[in-house]
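Let's take a walk through a protein model together. Have a look at the picture first, and then we will go through it piece by piece.

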Amino acid sequence: MTKACEKKIENVVLKNVRVWDGAKFVQKDAIAIANGYEVEPDYFTKNPAELDGEVDCAGAMVMPALFALGVDFREPLRDDIYTAKDGIKAMRKGGFYGALYESSANPVDDSEKLAALENRLAGQNMKFAVLGAYSVEFGSDRLAEMLELAEGNEDLDVKGVAGFGDGNASIPHNRFIRLAMEYGKMTGKRFFFQPMDKTLRKSGCVHEGAYSDMMGMKGIPRIAETIAAYTVLENARFLQVPVHFKQVTCGETLDLIRDARKKGIDVTCDVDMYHLLFDDSVLTSTDSAFHLLPPLRAAADREALLKGLEDGTINAISVNHTPVLRQDKQVNFEDSVPGAVSLEVALPALWKLLSERFGEAKTIELLSTAPAKIAGVTADEKLMNIVVLADKPHTVAESDFAGHVCNSPLVGTELSTTIVGSYIGGVWTNA
């Protein structure tokens, strides 16, 4: 990089790169970017005063920036944990140009809350879609004003929500789901659920199986997911409402989704990145960084999820970015708060696994275009939103993460690739 400057790096030359052309990576001596758009290679030769910096990428891959599902920045109610500023910094470090946002701590159940959230996320030249809550305060006892949320509010300068979510709360009773779907059907929006039966989960914190028995931990059975998923699918079939399952974990759930699609039910789903990287055998470490919800399942489930990506049953990959304070993780596993941050490490953690198994084009689709499609976001094809990934090993450190939390099970792990930087929303960011 050239000598650092205080101003934003908006005009940059990336040297010695392999650029994704939609089918393969093509070697280029350099690409020049000015004010968010690619320009002719000699542009800065003619206009040297406009150049902010140069980056020698040493043959690194330049690919489309990513889109994140499952993002929660916790602000305003829990800004002691994390803030929108932290989250946006994490997105830039990880190469994400946009996200589908839903906060479990801050339900968007009226237009005023939606306006406040959109104001906090505005001004970054990044694309955010927001999930509105279908119940007030995620309480599952009073319906939110879904029509109001879907239509937006011109007086408040608010656009409508992308769909309706549950804040990752357990599935409520059947009657409330039906009432919510009947009301929400008028908006034409999709409902997003994390399938988990409250009574079957109870106080469980890990997958119910051989490792939970061995470790003496309270388990969450597969049927806590499959029964909840079946309930949602039956309501969706009866009411003809589109639904999406967040962070599926079980092969049996994928079978339900396949059968539902054969019946004409409009159902999509995603999988959490950590469920592709780990299975419940990691519980032997007793490391609370692996305390996730939904829980890591068995090795057979992990393989079923990878096959689900391969055959198209799973539509996209979720980052499920959930910040947790250090003191809430550095306790006994069962007493810890579940969740993991992921935006900064998702691409280098997944690239080798997915590209070797599915190919580069499919991997980019699963992390970029497919999640954006679920969120109803269309990228500007002319705008240069890119991330640069090098074939260079990197050991994940706490300093890699934005904000003051670093609750990722990947801390201390050597990854085979590393992010050089990203150019998103007209700004170059070093990783």
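Before we meet any neighbours, here is a definition: contact means heavy atoms within 4.5 Å. Helices (H or I, at least four residues) and strands (E, at least two) are DSSP runs, numbered from the N terminus. This is a predicted model, where local features need pLDDT of at least 70 and side-chain atom pairs count only at pLDDT 80 or more, while totals for chains, interfaces and linings use all residues. Residues are numbered from 1 along each chain as its sequence is written, and side-chain values use heavy atoms, leaving out hydrogens and water.

How confident is the predictor? The pLDDT, its confidence in each residue from 0 to 100, averages 95 for the protein chain, and 98% of the residues score at least 70. Over residues 1–6, though, the pLDDT is below 50, and this stretch has ten contacts in the model beyond near neighbours in sequence.

Now find helix 13. On one side of our story is helix 14 (residues 360–375), whose axis comes within 7 Å of the axis of helix 13, crossing at roughly 135°. Axes here are lines fitted to C-alpha atoms, for helices over the stretch in contact, and angles run from 0 to 180 degrees between N-to-C directions. The angle makes helix 13 oblique to helix 14; under 35 degrees counts as roughly parallel, over 145 as roughly antiparallel, 65 to 115 as roughly perpendicular and the rest as oblique. Among the residues that meet are Leu347, Trp351 and Phe358 in helix 13, and Thr363, Ile364 and Leu367 in helix 14. The residues of this contact divide into eight nonpolar, two polar and two charged (Ala, Val, Leu, Ile, Met, Phe, Trp, Tyr, Cys and Pro count as nonpolar, Asp, Glu, Lys and Arg as charged, and the others, Gly among them, as polar).

Helix 13 (residues 346–358) also packs with helix 11 (residues 299–311), at an angle of about 55° and with the axes 11 Å apart. That makes helix 11 oblique to helix 13. The residues of the contact of helix 11 with helix 13 include five nonpolar and five charged, with no polar ones.

Definitions and conventions:
pLDDT is the predictor's confidence in each residue, from 0 to 100.
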